[in-house]
Each structure stands twice: as structure tokens, then as C-alpha cells.
Amino acid sequence: NSKANSKKIIFFSRVSKEKRLDIFLNSLIKENEKLPIELTILGSYSDENYFKKINNLCKQLKIRGYKIKVLGHRNITQKFLSNFDIMLLPSLGENYSHTTVEASQSGLFCLISDQTPWFKKTQAAKQGLTCIPIEKSSGYIESIEKITKLSASKFNKLINEQQKEVKRIIKASSKKMEHLFIN
């Protein structure tokens, strides 16, 4: 894979068992070939043992040549997020996922589990590039492999489709809220 197809991935959420970052990192470790990615991890944590586990997995991946930054909690902006290509969230569940909204609005492709309320009917979901089944952790690796082979225009079309869905849902939610306050 050429450097041009390398993708910058960001995980920005609470670093907790429920968000399943360890599942993704373990899948990367099991992968024989190194994927052309850089990974940045942002987020606060409360479980010291789980955070140590994440750091140990990252150390193993760095030994294999992966570029990984673990930055802890940071306030982020759309401008900061726009430096990345993919937002990763292999979560056990989300009822809304502000992370997904922020990432989409910043122009990132959202690589999420099927336990979030987003993107189920998109082309990306139909192609197995997002909404990864919770029991199929290797799906994240397969998705990244496929994404790195996409042309820039095809990748951007997938991002645009996600952005349109987020915009549509936000607009619909705003109208519902407006209706509640008027009546």
C-alpha cells in the first residue's frame, strides 16, 4: 500500500471497556500485515487497569511499526478533527453518540459498531465498511483494508453520505423540539 492511501484514525471518547478500544487493538495485533494507518487516542479514563491494558496493547503495536499517540483528555475542535480521515468507535452501545456527530461534521468517515443508531442504510454499511457487528471484531480491520484501497472520490462519497444522514437527523430533531416548545 502506498503512503497516499495511509489513513489517520482517531478514537476520541471515554477510554472504557464499553467503548471496546481493546478489541480493535487486539484485532490489529492479530493481523499479519501492518495496515497503512496512524492512530490517535483521545479520552479520559476512570479504570486505571483498563487504561494500562490499552497502553500495553499500543506498545506492542508500536514495536510492530505502528504510529500511535495516546494523548489522554483534550478539548478538541472541528479544525483539529479535520486532520484525520476516520473516526473509530467500536462501542457496545450508544444512544446518540455525540462523537459520531462531531466526527461527521468535521469530514471524517465514521467506522462504528452496529450498536449505534447511525448509518445502518448507507452504502458504507452495505459494503461492510461501517456498522460493524459487535461479535465481528475483525470487521474493523477488513473495513480499513477496503477503505485504504478506495479512490479519494469514492471515499469522499461515503463521507458525504454519512454527513447528509447526520444533517437530516439533526434537522428532524430540531423540528421535533421546536414543535414541543410551541405546543
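1. A cut-off to keep in hand as you look: an angle of 65 to 115 degrees between two axes counts as roughly perpendicular, and one under 35 degrees as roughly parallel. The model you are viewing is a predicted one.

2. Let us start with helix H1, residues 21-30, and helix H6, residues 138-149. Their axes lie 8 Å apart, and the two helices pack at an angle of about 65 degrees. H1 and H6 are therefore roughly perpendicular to each other. As for handedness, H1 and H6 make a right-handed crossing.

3. Which residues bring H1 and H6 together? From H1 come Phe24, Ser27 and Leu28, and they meet Ser138, Tyr140, Ile141 and Ile144 of H6. Sorted by class, the contact of H1 with H6 holds five nonpolar residues and two polar ones, with no charged residue.

4. Now turn to the packing of H1 with H2. The axes of H1 and H2 cross at roughly 20 degrees and come within 10 Å. With that angle, H1 and H2 are therefore roughly parallel to each other. The crossing of H1 past H2 is left-handed.

5. On the H1 side are Leu21, Asp22, Leu25, Asn26, Leu28 and Ile29; on the H2 side, they meet Tyr50, Lys53, Ile54, Leu57, Cys58, Gln60 and Leu61. The contact of H1 with H2 is made up of nine nonpolar, two polar and two charged residues.

6. Nonpolar side chains tend to be buried together in soluble globular proteins. Here the largest nonpolar core has 51 residues, and Phe24, Leu25, Ile41 and Phe109 are those with the most contacts inside it. Helix H2, residues 48-63, gives the largest share of this core, six residues.

7. What does leucine 25 touch, leaving aside its neighbours within four places in sequence? Its contacts are Leu39, Ile54, Leu57, Cys58 and Leu61. Leu25 is also one of the H1 residues in the contact with H2, and it is among those with the most contacts inside the largest nonpolar core.

8. Finally, have a look at lysine 136. Where is lysine 136 placed? You will find it in the loop between helix H5 (123-126) and H6. Lysine 136 has a relative accessibility of 36%, so it counts as partly exposed. From C-alpha to C-alpha, lysine 136 and serine 113 are 9.4 Å apart in space, while in sequence they are 23 residues apart.

Conventions. Residues numbered from 1 in each chain as written. Predicted model: local features only at pLDDT ≥ 70, side-chain atom pairs only at ≥ 80, totals over all residues. Heavy atoms only, no water. Axes fitted to C-alpha atoms, helices over the stretch in contact; angles between N-to-C directions. Helix = DSSP H or I, 4+ residues; strand = E, 2+ residues; numbered from the N terminus. Parallel < 35°, antiparallel > 145°, perpendicular 65-115°, else oblique. Left-handed = near helix turned anticlockwise from the far one by under 90°. Contact = heavy atoms within 4.5 Å. Nonpolar A, V, L, I, M, F, W, Y, C, P; charged D, E, K, R; others polar. Core = buried A, V, L, I, M, F, W, Y, C linked by side-chain atoms within 4.5 Å. Buried < 20%, exposed > 50% of the residue type's maximum accessible area, 1.4 Å probe, protein only.
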